Amino acid sequence: MSTDSPVDSTSLSTSHSSRVASGRRLTFKILRHNPRDPDSHPHMATFELDETPGMTLFIALNAIRDEYAPSLQFDFVCRAGICGSCGMLIDGRPGLACRTLTQTLGEEITLAPLPAFKLIGDLSVDTGQWMRGMSERLETWVHGQQEIDPDRLEERMEPSLAEEIYELDRCIECGCCVAACGTALMREDFVGAVGLNKIARFRLDPRDDRTDADYYELIGDDDGVFGCMTLLGCQDVCPKDLTLQTQIAFLRRRMIATG
Amino acid sequence: MKSITKAKSRMPARLDLLQSLSGLVLALFMWFHMFFVASILLGADAFDRVAGWMEGSLIFEQTYPVIVSMAAMGVFALFVLHALLALRKFPSSYRQYRTFHDHMKRMGHEDTTLWFVQVFTGFAMFFLGSVHLYIMMTRPDTIGAYGSANRVVSEWMWPLYLLLLLAVELHGSIGLYRLAVKWGFLTGSNPVESRRKLKRAKWGVTVFFLALGLASLAAFIKIGLTQQDHFGQPVLSWASSVPAEHPMLPVPPLGELS
Ligand code: HEM
Ligand code: SF4
Ligand code: SF4
Ligand code: FES
């Protein structure tokens with residue numbers, strides 16, 4: 001998984017001035033809805049909070065839950081941009097709440113759940129179900145014919161290649177690229193940048209025996225790479241800064257050459 | 001396993017490539033087209049000469065408007081093909097349209113918005129472009145400084161040309177930008193930085209051709225306004241290709257203009 005630091009350390013540098021309020025009073029507008037409660041209807045709830053130095057949305061949301069709204073639903077696990085569970089719409093743009101400092105936002109902050117995924121409640125969505133469906137469809141695992149012999153040393157790989165694969169493997173399946181993609185929102189079956197990136201990853205892997213013709217079977221249609229309209233929302237929101245634009249363009253060329 | 005079942009159709013790949021190729025050829029055609037039309041800025045003579053070239057004056061003794069007719073048909077065929085392919089990408093229901101539109105408003109993301117502009121201008125060109133191309137196919141003989149000016153002013157084509165100009169310049173340059181990022185052309189070793197540069201170039205191209213087009217349109221309007229008295233008499237294209245004593249040629253002495 002990822003080794004990069006949870007929040008950019010330079011942007012955290014204001015926090016050395018101890019935990020005093022920075023003077024700003026923030027207003028949070030949060031889309032609230034509980035689909036399992038028949039009486040619930042989607043509405044914006046407003047909360048006010050004093051900003052503290054180095055405050056992330058993770059800290060703010062916990063404060064809101066502690067102080068005002070014990071039933072507020074949102075997801076966090078790692079608080080460090082690694083697990084991918086805290087994706088939400090932050091002022092309309094998908095992003096990771098745990099990696100977003102409130103000081104980078106205005107005084108009024110709007111939070112909503114990621115679209116494209118099943119809503120669990122308030123800011124919590126089920127990205128897992130979507131990601132699993134995508135993974136099964138695209139068969140995102142190594143397809144090797146060789147029997148694995150646990151007693152033998154693993155086949156060697158060039159460090160540069162290993163690094164290339166690793167680079168694409170940094171995807172944390174947060175779903176931000178899907179929620180940022182106009183195509184994915186309009187067309188439910190579109191595999192999204194996350195799916196295409198995974199194909200690019202296995203395509204690099206020498207342990208995977210699949211050929212481009214095999215990959216064409218998986219992504220060679222308008223639910224796959226040809227569905228992408230190059231809106232590049234994915235590229236612009238991916239919190240892991242994956243080279244999605246490059247990967248998709250590359251796959252498009254490869255799939256055209258195959259087709 | 002999937003690989004055992006019948007192989008997937010290669011059609012989506014071909015359609016995607018055709019969409020891009022047809023767009024590329026149309027967009028490059030538009031660049032030439034805009035420069036040719038802008039010859040009006042050098043005067044009526046210059047435009048007539050260019051119009052004559054298009055009708056074969058460089059090769060033959062005479063001019064043959066049918067050459068322009070056929071070229072227009074070619075462009076129209078490409079235009080129809082491109083539009084047909086583009087239909088695949090249009091929102092196919094009000095619900096899809098709303099979803100995209102809401103998403104675009106919410107995100108405030110430039111490239112997403114630019115795609116919407118492309119769909120919108122593309123849709124407008126179904127109508128605007130067809131009218132223009134139809135006239136070019138059927139009346140190539142009337143293309144000339146005076147004939148065209150007549151059409152622009154007295155035949156009320158200027159509002160259509162104004163809208164078509166806006167639509168095509170926005171659509172074409174956004175399309176070229178998208179082509180580059182879509183296929184990874186011109187993106188070099190630093191795609192993020194190249195994209196920023198391409199985006200800037202895109203706006204430059206839009207502004208340049210819009211300015212050129214608006215100036216040309218204004219020049220036609222100016223000529224057209226001085227021509228209104230002669231409205232109703234067709235003006236044949238290349239003055240020199242028509243005998244001077246031709247009764248249907250109400251071309252005023254050039255000195256009267258500009
Ligand atoms: C009825 C007329 C037209 C319609 C409906 C139309 C529609 C569209 C649409 C919806 C797209 C986006 C396709 C996608 O996202 O994959 C597009 C792309 C494009 N269009 Fe058009 N268009 C028309 C005419 C033109 C003209 C006259 C030009 C030339 C200036 C042009 C140049 C382009 C280019 C370069 C692209 C990018 C191709 C690509 O993305 O693969 N289009 N068009
Ligand atoms: S590609 Fe980026 S935005 Fe998409 S799921 Fe992976 S980490 Fe998240
Ligand atoms: S580039 Fe493709 S995958 Fe990325 S947001 Fe756009 S349409 Fe979606
Ligand atoms: S909590 Fe794990 S990525 Fe934000």
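Is B:His171 buried or exposed at 15% relative accessibility? Select B:His171: at that value it counts as buried, where buried means under 20% relative accessible area, exposed means over 50%, and partly exposed is in between (1.4 Å probe, protein chains only).

**Before you set off**

You are looking at a predicted model, in which local features need pLDDT of at least 70, side-chain atom pairs count only at pLDDT 80 or more, and totals for chains, interfaces and linings use all residues. Residues are numbered from 1 along each chain as its sequence is written, chains are lettered from A and ligands numbered from 1 in the order in which they are written, and side-chain values use heavy atoms, with hydrogens and water left out.

**Stop 1: the iron of ligand 1**

The iron atom of ligand 1 has B:His82 (NE2) and B:His171 (NE2) as its protein donors, lying 2.0 to 2.1 Å from it. Donors are N, O and S atoms within 2.8 Å of the metal (3.2 Å for Na, K and Ca); water is not among the atoms, so sites may look incomplete. The site of this iron atom is octahedral, with angles of 85 to 179 degrees among its six donor atoms. Four donors count as tetrahedral if all angles lie between 85 and 135 degrees; four count as square planar and six as octahedral if opposite donors are over 155 degrees apart and all others between 65 and 115; anything else is irregular. For comparison, ideal angles for six octahedral donors are 90 or 180 degrees.

Now colour by secondary structure. B:His82 lies in helix H3 (residues 65-87) of chain B and B:His171 in helix H7 (residues 158-183) of chain B, so the pair ties together parts that are 89 residues apart in sequence. Helices (H or I, at least four residues) and strands (E, at least two) are DSSP runs, numbered from the N terminus. B:His82 counts as buried too, at 16% relative accessibility.

**Stop 2: the whole of chain B**

Zoom out to chain B. It has eight helices and zero strands, and buried residues make up 47% of its 258 residues.

**Stop 3: rings in chain B**

Next, show the aromatic side chains. A search of the whole structure finds 23 aromatic pairs over all chains. Rings of Phe, Tyr and Trp (its six-membered ring) pair if their centres lie within 6.5 Å; planes under 30 degrees apart count as stacked, over 60 as edge-to-face and the rest as tilted.

Select B:Phe126 and B:Phe127: they form an edge-to-face pair, 6.2 Å centre to centre with 65 degrees between the planes. B:Phe126 is partly exposed at 25%, and B:Phe127 is partly exposed at 49%. Then move to B:Phe208 and B:Phe209, whose ring centres are 5.0 Å apart and whose planes are at 75 degrees, so this pair is edge-to-face. Here B:Phe208 is partly exposed at 41%, whereas B:Phe209 is buried at 4%.

**Stop 4: an arginine over a ring**

Which ring does A:Arg252 lie over? Select B:Trp183: A:Arg252 lies over its face, at 5.6 Å from the ring centre. A charge sits over a ring if NZ of Lys or CZ of Arg is within 6 Å of the ring centre and within 35 degrees of the ring normal. Within chain A, A:Arg201 lies over the face of A:Phe202, at 4.4 Å from the ring centre.

**Stop 5: chain A and its ligand shells**

Chain A has nine helices and seven strands, and 52% of its 259 residues are buried.

Show what surrounds ligand 2: the residues include A:Cys171, A:Cys174, A:Cys176, A:Cys177 and A:Cys238. A residue is near a molecule or strand if one of its heavy atoms lies within 4 Å of it. This shell has nine nonpolar, one polar and two charged residues. Ala, Val, Leu, Ile, Met, Phe, Trp, Tyr, Cys and Pro count as nonpolar, Asp, Glu, Lys and Arg as charged, and the others, Gly among them, as polar.

Around ligand 3 you will find, among them, A:Cys181, A:Phe190, A:Cys228, A:Met229 and A:Cys234. The shell of ligand 3 divides into nine nonpolar, three polar and no charged residues. A:Met229 lies in the loop between helix H7 (212-219) and helix H8 (233-237) of chain A, and it is buried at 6%.

**Last stop: two aspartates in loops**

A:Asp91 has a positive phi of about 50 degrees although it is not a glycine. It lies in the loop between strand E3 (87-90) and strand E4 (93-96) of chain A and is partly exposed at 35%. A:Asp122 also has a positive phi, near 50 degrees. Look for A:Asp122 in the loop between strand E6 (118-121) and strand E7 (124-126) of chain A, where it is buried at 4%.
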